[in-house]
Structure formats: structure tokens, C-alpha cells
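Thank you all for making the time.

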Amino acid sequence: MPSTIRTTKLPSGEAVQVLGQGTWKMGEDISHRADEVNALKLGLDLGVTLIDTAEMYAGGGAEEVVAEAIAGRRDETFLVSKVLPSNASRAGVQRACENSLKRLRTDRIDLYLLHWPGSVPLTETVAAFEALKKAGKIRHWGVSNFDTDEMEELVGLPAGGNVQTNQVLYNLVRRGLEFDLAPWSRQRGIPLMAYSPVEQGTLARNTRLDTVAARHNATPAQIALAWVMHQEGVIAIPKASSQEHVRQNVAALDIKLTSQDIADLDRAFPPPTRKRGWR
């Protein structure tokens with residue numbers, strides 16, 4: 001395992017790891033429960049203490065998997081969860097957070113996100129988040145799947161500037177946000193949290209990564225993950241349901257991509273030259 005896991009900073013000044021553990025699709029099949037719990041536990045053992053989940057994942061089942069994995073270790077875990085847009089009203093956020101806390105078996109969530117933009121006015125959702133912070137139910141809040149115009153609207157609201165992150169779909173084949181959202185976020189010190197950093201496994205089989213992978217005696221998936229973590233102000237949250245997969249993800253932290261590697265990857269996966277969709 002790496003001696004230390006690199007960090008980036010939230011706008012609050014708190015340091016967070018650039019590698020976390022995702023849980024999308026966990027909790028859907030009881031026969032996989034033990035493997036999922038053990039994978040998350042191993043990640044904690046290896047020092048990867050940021051765990052991302054959501055009330056939507058398996059209808060709350062993923063949060064229950066996380067609860068089992070962090071039992072007795074809550075204080076070492078940086079816990080991220082999300083509220084559905086359909087629950088984003090003042091009262092809805094309160095109820096959703098209380099339900100997540102029960103499933104997670106904890107008294108607070110470190111970072112609570114609005115899962116994607118919805119029909120409830122953002123002013124109402126932000127006010128609900130701020131109330132939860134004041135009550136000690138959450139420590140920080142952020143958003144997910146917001147594009148640049150939506151982030152501009154958010155930070156212009158009362159207390160909207162307290163947003164701590166934007167969780168987005170970002171990987172080598174999903175680089176559209178580099179045109180405007182990524183530089184906008186870097187300028188304001190708001191880290192991006194990249195889900196599906198290996199494009200749900202498809203980059204693990206992409207031959208365009210083979211040359212760089214061979215150079216580092218690594219797998220294509222590890223190169224794809226290392227590339228995401230190489231980006232300034234980006235946190236990667238890959239899911240791993242097996243212990244071997246967890247070990248491979250953690251080993252990607254030790255891959256130091258060179259300028260030649262980056263140039264090769266840019267040729268294989270060109271960055272955007274105009275605004276294009278990424279969600």
C-alpha cells in the first residue's frame with residue numbers, strides 16, 4: 001500500500017483523499033453482501049477512508065452495506081451520501097437525511113450531496129442543507145451532476161457559496177467537462193469528485209491504454225484511474241466489490257504518470273475543443 005494517500009482540499013480547508021470507495025450497485029444482491037462488506041473493510045485497512053454512497057443505491061441497501069463495513073470505525077471514515085432531487089424540499093431533505101443516518105447507523109454524514117438538479121428550487125435545498133449543518137447532522141454539503149451554468153446559479157444564492165464539491169461523471173472517454181466546468185471549479189477551489197473513473201469497467205479492456213500500462217507494469221484500469229487522480233482538484237471514487245480489485249485500485253496511487261504518458265493518453269483520448277455534454 002502507498003505510504004500516504006494524496007489529498008486535495010475542500011473549500012472549507014479540510015483535506016480529503018483523492019481516492020475513495022464507491023458503492024453504486026452494492027446492496028442489490030444479498031448473496032454478494034459479505035464480499036461487498038469485506039471489500040470496503042479492506043479499503044479502510046489500506047487507508048482509503050472516504051466512502052461514497054447514496055439513498056438511491058439499492059433503495060438504501062448500499063448505505064446498509066456501508067454501515068456494516070464501518071461498524072466500530074466510524075471516526076476514521078469520511079462518509080459521503082446523497083439525497084434524491086425528489087426529496088430535495090426543506091422537509092424532504094430532513095426526512096431523507098434522517099433515514100440515511102439510520103441506515104448508516106451514524107449520527108452524522110461528513111458530506112451530503114444533492115444527487116442531480118431537480119425541480120425543487122435550489123434556495124430551498126441549500127437552506128435545508130444549512131439547517132442540517134447547524135443541527136450537526138451533516139458536516140458539509142455539495143452537489144452532483146451539476147454543469148457550469150447550474151454551479152453559477154448555485155454559488156449566487158444565499159449560502160450557495162458553501163458548496164464543497166460537485167460529483168460528476170469523469171474519465172478518459174468522458175472529458176467534456178474539461179472545456180469549462182473543470183477550470184471553473186479549479187478557479188474557485190471546488191474539487192470535482194469523479195464517479196465511474198474506469199467507465200464502469202470498459203476502460204479496463206481498452207487497448208488504447210496498453211502502451212502506457214506496459215510502461216508502468218500496470219493494468220489499463222489502473223492507468224485510467226491514475227489519470228483521473230492525476231488531475232488537479234479531482235477525487236476518484238471507483239467501486240470495488242472484491243478484495244483484489246480494492247488492492248489494484250490502491251496500487252494505482254503509486255503510478256506516477258510522466259509528461260510522455262499524458263501526451264500519449266491525450267492523443268488516444270483527445271480533450272474537448274468545444275463544449276459538449278458529459279452527463
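What follows is a short tour of the cavity, the pocket, a surface patch and some salt bridges.

Before the tour, please keep in mind that this is a predicted model, in which local features need pLDDT of at least 70 and side-chain atom pairs count only at pLDDT 80 or more, while totals for chains, interfaces and linings use all residues. Residues are numbered from 1 along each chain as its sequence is written, and side-chain values use heavy atoms, with hydrogens and water left out.

Let me begin with the empty space. Rolling a probe the size of a water molecule over the atoms shows where empty space is left. On a 1 Å grid over the protein atoms alone, a cavity is a set of points where a 1.4 Å probe fits but cannot get out, whereas a pocket is an open set with protein on both sides within 12 Å along at least five of seven lines, and lining residues have an atom within 4 Å of a point. Grid points are joined across faces, edges and corners, and a volume is the space filled by probe spheres set on the points.

By this rule there is one cavity of 30 Å³ or more, and the largest cavity holds about 80 Å³ of space. Two elements give two or more residues to its lining, namely helix H1 (33-45) and helix H9 (243-251), where helices (H or I, at least four residues) and strands (E, at least two) are DSSP runs numbered from the N terminus. The largest share of this lining, three residues, comes from H9.

What classes of residue make up the lining of the largest cavity? There are seven nonpolar, five polar and no charged residues, when Ala, Val, Leu, Ile, Met, Phe, Trp, Tyr, Cys and Pro count as nonpolar, Asp, Glu, Lys and Arg as charged, and the others, Gly among them, as polar.

Val-250, which lies in helix H9, counts as buried because its relative accessibility is 3%; here buried means under 20% relative accessible area, exposed over 50%, and partly exposed in between (1.4 Å probe, protein chains only). Val-250 and Glu-55 are 195 residues apart in sequence and 26 Å apart in space, C-alpha to C-alpha.

Turning to the largest pocket, about 540 Å³ of space lies there, and 26 residues line it, with Trp-24, Ser-196, Gln-200, Pro-238 and Lys-239 nearest its centre. Helix H8 (220-230) and H9 each supply at least two residues of this lining, and the largest share, three residues, comes from H9. By class, the pocket lining divides into ten nonpolar, 13 polar and three charged residues.

Trp-116 sits in the loop between strand E5 (109-114) and helix H4 (122-135), and Trp-116 is partly exposed, with a relative accessible area of 33%.

That brings me to the charged pairs. A salt bridge is a side-chain nitrogen of Lys or Arg within 4 Å of a carboxyl oxygen of Asp or Glu, and by this rule the count comes to 21.

The side chains of Arg-33 and Glu-68 meet in one of these salt bridges, at 3.2 Å from N to O. This pair links distant parts of the chain, with Arg-33 in helix H1 and Glu-68 in helix H2 (residues 61-70), 35 residues apart.

Arg-74 and Asp-110 form another salt bridge, at 3.0 Å from N to O, and this pair too links distant parts of the chain, since Arg-74 lies in the loop between H2 and strand E4 (78-83) and Asp-110 in strand E5, 36 residues apart. Arg-74 counts as buried at 10% relative accessibility, and Asp-110 is buried at 4%. Glu-14, Arg-74, Asp-110 and Arg-139 are linked in a network of salt bridges.

Finally, Asp-264 and Arg-267 meet in a salt bridge at 2.3 Å, N to O, and both lie in helix H10 (residues 259-268), three residues apart, about one turn of the helix.
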